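This report describes a protein chain and the pockets in it. Please look at the model before reading on.

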Amino acid sequence: MKGQTEVSEAVVNRLPRYYRYLRELYRKDILRVSSGELADMMGVTASQIRHDFNCFGGFGQQGYGYNVKFLYHKISEILGVQDNFSAIIIGAGNLCRAIATGPIFTHRGVRLLAIFDNNPAKAGSTVAGVSVYPIEQLHEFCGKNRVDIAVFTVPKAAARESAERILGTGIRGVWNYTNMELDLSTHGIAVQNIHLGDTLMTLCYTIKERSNEA
Ligand code: ATP
């Protein structure tokens, strides 16, 4: 397998989609899938799929298509699903509740260990069965538990403060919902800035364009 560094960001960004579709096939006990079938399901071309998989060595399609179980496990491995990553959330508000309540972590092999908040009234409560701790206890908690990912669901104004809080904790990635663009690369921390509102705006734009065309 080629090293991850040689794989383009565009390919890496498509891997979670492959993972989702393959998980579906695997759960339905489907044993083999061709690049053509997978392409039809996903709305991409078969050559795109072959190109993407070739970046990781090809995954051995031989006439009958790919072995679903093998491919699913291989992509899980590449994405780190089997690495047992652990996460904490900072900001025990509504967005935190939505994220913590759904299967978004468990489906991707990430364990949600704890939630932190600066509102003393929230400390001691639970969200989706996960304990909420005072934010002041974050460092101590990370000293006792390996935490890989921090999810920021605090308001935008608290984004920088939250970023500073995680420095020196061993946290290696931030899933940032604050709407404040964060770059922590100088600290060796990867950030995914999520702008939910942007996708809604793109949708509004598309609807508007279509009604203009009509
Ligand atoms: P609620 O009204 O229940 O607080 P909300 O989703 O409307 O929910 P937000 O204002 O978006 O609340 O804040 C999200 C959460 O982030 C809240 O629980 C808030 O107490 C917490 N929070 C705000 N600032 C910080 C901070 N600097 N550090 C940690 N948590 C914070």
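In the second largest pocket, the largest share of the lining, three residues, comes from α7. Helices (H or I, at least four residues) and strands (E, at least two) are DSSP runs, numbered from the N terminus. The model is a predicted one: local features need pLDDT of at least 70, side-chain atom pairs count only at pLDDT 80 or more, and totals for chains, interfaces and linings use all residues. Residues are numbered from 1 along each chain as its sequence is written, and side-chain values use heavy atoms, with hydrogens and water left out.

**The chain as a whole**

The protein chain contains eight helices and nine strands. Its C-alpha trace spans about 60 × 50 × 35 Å along the principal axes. Of the 214 residues in the protein chain, 37% are buried (buried means under 20% relative accessible area, exposed over 50%, partly exposed in between, with a 1.4 Å probe and protein chains only).

**The two pockets**

Rolling a probe the size of a water molecule over the atoms shows where empty space is left. A pocket is an open set of points on a 1 Å grid over the protein atoms alone, with protein on both sides within 12 Å along at least five of seven lines; a 1.4 Å probe fits at the points, and lining residues have an atom within 4 Å of a point. Grid points are joined across faces, edges and corners, and a volume is the space filled by probe spheres set on the points.

The largest pocket has a volume of about 1,400 Å³. Its lining has 32 residues, and P16, L79, I149, W175 and Q192 are the closest to its centre. The elements that give two or more residues to this lining are α1 (9–27), α4 (68–79), β8 (173–176) and β9 (190–193). Which element gives the most to the lining of the largest pocket? It is α1, with eight residues. At least three residues of this lining come from each of domain 1 (9–79) and domain 2 (86–197), with domain bounds taken from an automatic or database domain assignment.

The second largest pocket holds about 220 Å³ of space. Among its 17 lining residues, G91, N118, V154, P155 and A158 lie nearest its centre. Both β4 (111–117) and α7 (159–166) supply at least two residues of this lining.

**Helix α4**

The expected span of a helix is 1.5 Å times one less than its number of residues. For the twelve residues of α4 this gives 16 Å, which agrees with its end C-alpha atoms, 16 Å apart. In α4, the residues V68, L71, Y72, I75, S76 and I78 are buried. These residues lie on the same side of α4, because they cover an arc of only 165° around the axis; the arc is that of the directions from the helix axis to the C-beta atoms.

**Residues in loops**

T153 sits in the loop between β7 (149–152) and α7. With 12% relative accessibility, T153 counts as buried. T153 and I99 are 54 residues apart in sequence and 9.3 Å apart in space, C-alpha to C-alpha.

N84, in the loop between α4 and β3 (86–90), has a positive phi of about 55° although it is not a glycine. Its relative accessible area of 44% makes N84 partly exposed. N179 lies in the loop between β8 and β9, and N179 has a positive phi of about 80°, although it is not a glycine. N179 is partly exposed, at a relative accessible area of 45%.
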